[in-house]
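Good morning, and thank you for coming.

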Amino acid sequence: MAASSSTSSSRRADNGLGGGGGQQQQQQTAGSRRRKGPGALATAYLVLYNVVMTAGWLVIAVGLVRAYIAKGSYHNLYYSIEKPLKFFQTGALLEILHCAIGIVPSSVVLTAFQVMSRVFLTWAVTHSVKEVQTEDSVLLFVVAWTVTEIIRYSFYTFSLLNHLPYLIKWARYTLFIVLYPMGVSGELLTIYAALPFVRQSGLYSISLPNKYNFSFDYYTFLILTMISYIPSKYITLLNPSTLEIQVYLKAIYNVCKSLCKIPT
Amino acid sequence: MKYYEVEILDGKTREKLCFLDKVEPNATVAEIKNLFHKNHPQWYPARQSLRLDPKGKSLKDEDILQNLPVGTTATIYFRDLGAQISWVTVFLTEYAGPLLIYLLFYFRVPFIYGRKYDFTSSKYSVVHLACICHSFHYIKRLLETLFVHRFSHGTMPLRNIFKNCTYYWGFAAWMAYYINHPLYTPPAYGHEQVKLALILFLFCQVGNFSIHIALRNLRPAGSKTRKIPYPTKNPFTWLFLFISCPNYTYEVGSWIGFAIMTQCLPVALFSLVGFIQMTIWAKGKHRSYLKEFRDYPPLRSPIIPFLL
Ligand SMILES: NC(=O)c1ccc[n+]([C@@H]2O[C@H](COP(=O)([O-])OP(=O)(O)OC[C@H]3O[C@@H](n4cnc5c(N)ncnc54)[C@H](OP(=O)(O)O)[C@@H]3O)[C@@H](O)[C@H]2O)c1
């Protein structure tokens, strides 16, 4: 790769989104940033951020449980946690910023994709299409997100403090097996449920003629979004080169090892 | 004459791929690549990257064995660059694609805008002008690739072409769809806007061409030398006083002109994406100029004078 970029870079600069030299250099700078790690101030801020986010998602979890107990039914729980859900899910946008300024060593693009897809679901689907708010599929992804995020943010918090309890590490890399498909199916079912209403109302759609000479069909966009779930989710699950999966496999291995009580 | 022994190892696995005894001391890296190719027919020379250090820089084809920092037994590491594709194929597909795709929309071939519009033509003159400008731009690029540019490499990795074609073809289709649409809305400020945009577009096309000529003249035919470009007698090249890659600046300018002329949002987006991409490349080129030439003019910035 390195060689191909150095040969193709400057000239093939030209062509398209080229992964030429520029990209390689960026990776290198990101790499050197990574080695340094965040400074004391950044760490303090990150701890604060992650504590707040953990607490926020705990509030959502408690809200869900209380509403369920009060109502005795799991339908329409969305309304009881709507506000904190919107607030804390939107707060995840800061994670993109963290990656962009380099205090968190993840890829900005990947993080942006992940966060944006959820913010999109929160605002552009669930908030905007009132009719889907009563669907049970909303609860499906809300529960999946809530559990995932409580684990994930507390994982970050404890990691930053260099005291990562084994339980949290285990939970992060194991519960994922259940939470991931649960979240994805909830999200897909919700978008699917929104389709007829979007088509009927022409929500967020722009049609010709207009002075910008541009049109947009939200209905088609939603269908494309649903299709895009297939490859991206499939890749995140199966691409063994992603760091996430490596850690994940290692964790599974550790679990097995501890279950077998291999004396060391 | 004392012969060299050259051992070629896989850059990743360190596995021994080939051993060449009796290599002449004045053999070039290109010749070593040919010898290696005989041993491993699947790796033709353009695919090979040879290095002295597995993580180091690739050796240049014209490097001479005895001038390299190696003993009489040289260990060279090989990296496969992947399938390569020749320039002819690259520009044909990359640039001819947008040219033809745009024309399909311009002539409103069937299955795009609905039956009753098949092969009709727009009542707005700006749509015809836009078609001329767009075609002109890509024909210019094709001709430049054929007759002006003196590239330092004959090939590029095959996988690049998929990415590049998706980008160029996709954007061309998206822009052409709206500009040639039966419901197209002409520019808000009418002829004035179109005239101004056309002037900007043509000015930038001439500028871009001038820079390409200037770059060509830096490099004698058949060589791969790289020099510092300086302003020439042609005033369009005077931008070299302030920036390292004025051809990119002019290119972005042309697209901005085209966006104003057609008043079409997708064109503006294409200009923006192109600008971001070219800024990244310009920064890379600027950096390598600074690294390569000590006396590089300090006033220059990569793509926008004094700013970027
Ligand atoms: N619309 C878009 O998105 C877009 C994007 C990028 C480019 N383009 C267009 O395509 C054109 C060509 O792009 P490019 O990236 O190939 O441009 P480039 O890197 O500036 O190179 C143009 C030519 O000049 C040579 N050259 C560059 N610097 C030189 C130097 N210091 N000494 C000697 N020769 C030198 C290059 O050879 P090497 O082979 O050694 O590099 C190449 O043959 C651009 O100017 C632009 O008009 C369009």
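Let me begin with a term: a salt bridge here is a side-chain nitrogen of Lys or Arg within 4 Å of a carboxyl oxygen of Asp or Glu. Please also bear in mind that this is a predicted model. By that rule, 10 salt bridges are counted over all chains.

In chain A, salt bridges with shared partners join A:Glu95, A:Arg118, A:Glu149 and A:Arg152 into one network.

I turn now to the second pair in chain B. The closest N and O atoms of B:Asp61 and B:Lys33 are 2.8 Å apart, and the two form a salt bridge. Here too distant parts of the chain are linked: B:Asp61 is in the loop between β3 and β4, B:Lys33 is in helix α1, residues 29-39, and 28 residues separate them. B:Asp61, with a relative accessible area of 30%, is partly exposed.

A:Glu82 and A:Lys86 meet through their side chains in a salt bridge of 2.7 Å, N to O. Both residues lie in helix α4, residues 78-91, and they are four residues apart, about one turn of the helix. A:Glu82 has a relative accessible area of 18%, so it is buried. For A:Lys86 the value is 11%, and this residue is buried as well.

Another lysine of chain A deserves a word. A:Lys169 lies in helix α8, residues 166-174, and counts as partly exposed because its relative accessibility is 29%. Which residues does A:Lys169 contact, leaving aside its neighbours within four places in sequence? They are A:Phe155 and A:Leu164.

The chain contains seven helices and six strands, and along the sequence they follow the pattern β-β-α-β-β-β-α-α-β-α-α-α-α. Its C-alpha atoms fill a box of roughly 75 × 50 × 30 Å along the principal axes. Of the 308 residues in chain B, 47% are buried. Among contacts between residues at least 6 apart in sequence, 72% join residues at least 24 apart. The accessible surface of the chain is about 15,700 Å², and carbon and sulfur atoms account for 65% of that area.

Finally, the charges of chain B. There are 35 positive and 19 negative side chains, and the centres of the two sets lie 8 Å apart. Where does positive charge gather on the surface? A patch is made up of B:Lys57, B:Lys60, B:Lys283, B:Arg287 and B:Lys291. One of these, B:Lys57, is found in the loop between β3 (48-51) and β4 (73-80). B:Lys57 counts as exposed because its relative accessibility is 76%, and exposed here requires over 50%.

Key
Residues numbered from 1 in each chain as written. Chains lettered and ligands numbered in written order. Predicted model: local features only at pLDDT ≥ 70, side-chain atom pairs only at ≥ 80, totals over all residues. Heavy atoms only, no water. Helix = DSSP H or I, 4+ residues; strand = E, 2+ residues; numbered from the N terminus. Buried < 20%, exposed > 50% of the residue type's maximum accessible area, 1.4 Å probe, protein only. Contact = heavy atoms within 4.5 Å. Areas by Shrake-Rupley, 256 points an atom, 1.4 Å probe, with all protein chains shown as cover. Lys, Arg positive; Asp, Glu negative; His and termini not counted. Charge placed at Lys NZ, Arg CZ, Asp CG, Glu CD. Patch = residues over 30% accessible without salt bridge, like charges linked within 9 Å, V, L, I, M, F, W, Y side chains within 5 Å.
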